[in-house]
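Hi,

Here is the structure I promised to send over. Have a look at it first, and then read on for what turned up.

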Amino acid sequence: MTKAASAVRTNLISSSSSWIWIPAPTTVRKSASIALQNLNMPVYCITGTNRGIGLEFVRQLAQSADNTIIAAVRSLSSDLSDLQAAVSPSTHILECDTSKVSSIHSFAKAAARILRDGKKIDFLINNAGVNITSHQSSLSLGPDELHTQISINVIGPAKVVEFLLDAGLLSKDVRVLNLTSGLGSMQRSSEIKPRKCAGYSISKAGLNMLTVHQSEDLKAQLPGAVVISMDPGWVKTRLGGEGAMLEASESVGNMLGVLHRLKPEDNGSFLHHSGDKIPW
Ligand SMILES: NC(=O)c1ccc[n+]([C@@H]2O[C@H](COP(=O)([O-])OP(=O)(O)OC[C@H]3O[C@@H](n4cnc5c(N)ncnc54)[C@H](OP(=O)(O)O)[C@@H]3O)[C@@H](O)[C@H]2O)c1
């Protein structure tokens with residue numbers, strides 16, 4: 001790919017401190033579609049897209065008509081009005097409740113029907129996640145709540161990758177982004193006093209270990225695959241709260257920049273949305 005085509009494909013500009021995703025101007029998009037005719041138009045698959053960070057991923061990616069987007073939601077019966085307002089004609093909204101193995105299985109089958117023209121997923125963003133017990137400490141963990149968080153934050157992303165791989169839907173150079181948290185870092189958590197969100201923190205540490213395993217296991221089957229854990233920062237969403245530091249647009253713009261620049265040697269990394277490495 002030429003440098004120009006690469007820049008157009010990823011719609012990236014450099015700011016002083018980071019890379020920011022911007023929608024390509026219409027004129028550039030038009031010429032890009034000619035220049036990219038022989039290239040695969042990228043396919044993105046994102047879980048948990050009806051609100052928060054997942055919705056913002058769809059909103060930014062839908063700016064380019066070149067992107068095919070599989071936008072997964074926990075339930076098609078939920079209020080999806082914000083998502084419907086953000087989508088492009090090449091966005092497909094599918095149900096995927098990542099707390100249920102059967103739902104993830106059905107999701108993979110539905111995705112296969114959409115991608116039956118031989119297209120494969122180039123970017124898989126395991127975004128769906130919950131923090132349901134921020135008040136519980138390690139001395140008051142509720143087993144049911146911890147199980148729910150591990151089910152959605154760890155088992156869900158594991159099964160999404162497994163079933164999409166089994167269905168033959170992951171491209172040979174697939175980039176898998178597991179949305180984790182700085183609270184999933186042993187080192188970062190050990191520096192926070194008092195400690196925060198024990199159950200969530202434990203589940204995100206589990207997700208980080210999943211990344212370590214997936215990065216090797218997936219590469220054994222798809223040699224170009226890159227799997228990373230990424231911390232989106234503290235973002236203003238229902239989960240992050242109003243007092244958070246970042247707008248979703250800034251966090252997601254940064255994450256897309258990092259995602260599009262991933263190299264084979266980044267496989268198995270834990271990265272901040274700025275692109276900096278985070279200690280495990
Ligand atoms: N915001 C932050 O500051 C922050 C910081 C670090 C990491 N993160 C991570 O970033 C990701 C997105 O968080 P967010 O801030 O956007 O949270 P959010 O606003 O609470 O949104 C969470 C999303 O996950 C979906 N979800 C929850 N349970 C699901 C399930 N069982 N199946 C499918 N989807 C499910 C929700 O769908 P419903 O509306 O249908 O429940 C919603 O779309 C999470 O993995 C989170 O841990 C966020």
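**Helix packing and the ligand shell**

The axes of helix α5 (residues 101-114) and α6 come within 9 Å of each other, crossing at roughly 35°. Before you go further, keep in mind that this is a predicted model. The crossing of α5 and α6 is right-handed. On the α5 side the contact is made by Val101, Ile104, His105, Ala108 and Ala111, and α6 brings in Gly156, Lys159, Val160, Phe163 and Leu164. By class, that gives seven nonpolar residues, two polar and one charged.

Where does α6 bend? The bend is at Ile155, by about 40°, and a proline, Pro157, follows within four residues. Just after α6 ends, Gly168 takes a positive phi of about 70°.

α6 also packs against another helix. The axes of α6 (residues 143-166) and α8 (residues 198-221) come within 9 Å and cross at roughly 15°, which makes α6 roughly parallel to α8. This crossing is right-handed too. From α6, the contact takes in Glu145, Leu146, Gln149, Ile150, Asn153, Val154, Pro157, Ala158, Val161 and Leu165. Sorted by class, the contact of α6 with α8 has twelve nonpolar, seven polar and two charged residues.

Now to the other helix pair. The axes of α3 (residues 52-61) and α9 (residues 248-260) come within 9 Å and cross at roughly 65°, and the crossing is right-handed. Gly52, Ile53, Glu56, Phe57 and Gln60 of α3 meet Ala248, Ser249, Ser251, Val252, Gly253 and Leu256 of α9. Here the classes come out as five nonpolar, five polar and one charged.

Which residues come nearest to the ligand? Of the 30 around it, they are Gly48, Gly52, Gly129, Leu239 and Gly240. Gly52 also belongs to the α3 side of the contact with α9. The largest share of the shell, three residues, comes from α3. As for its make-up, the shell has eleven nonpolar residues, 14 polar and five charged.

Cheers

Conventions
Residues numbered from 1 in each chain as written. Predicted model: local features only at pLDDT ≥ 70, side-chain atom pairs only at ≥ 80, totals over all residues. Axes fitted to C-alpha atoms, helices over the stretch in contact; angles between N-to-C directions. Helix = DSSP H or I, 4+ residues; strand = E, 2+ residues; numbered from the N terminus. Left-handed = near helix turned anticlockwise from the far one by under 90°. Contact = placed C-beta atoms within 7 Å. Nonpolar A, V, L, I, M, F, W, Y, C, P; charged D, E, K, R; others polar. Near = placed C-beta within 6 Å. Parallel < 35°, antiparallel > 145°, perpendicular 65-115°, else oblique. Bend = angle between axes of the 7 residues up to and from the residue.
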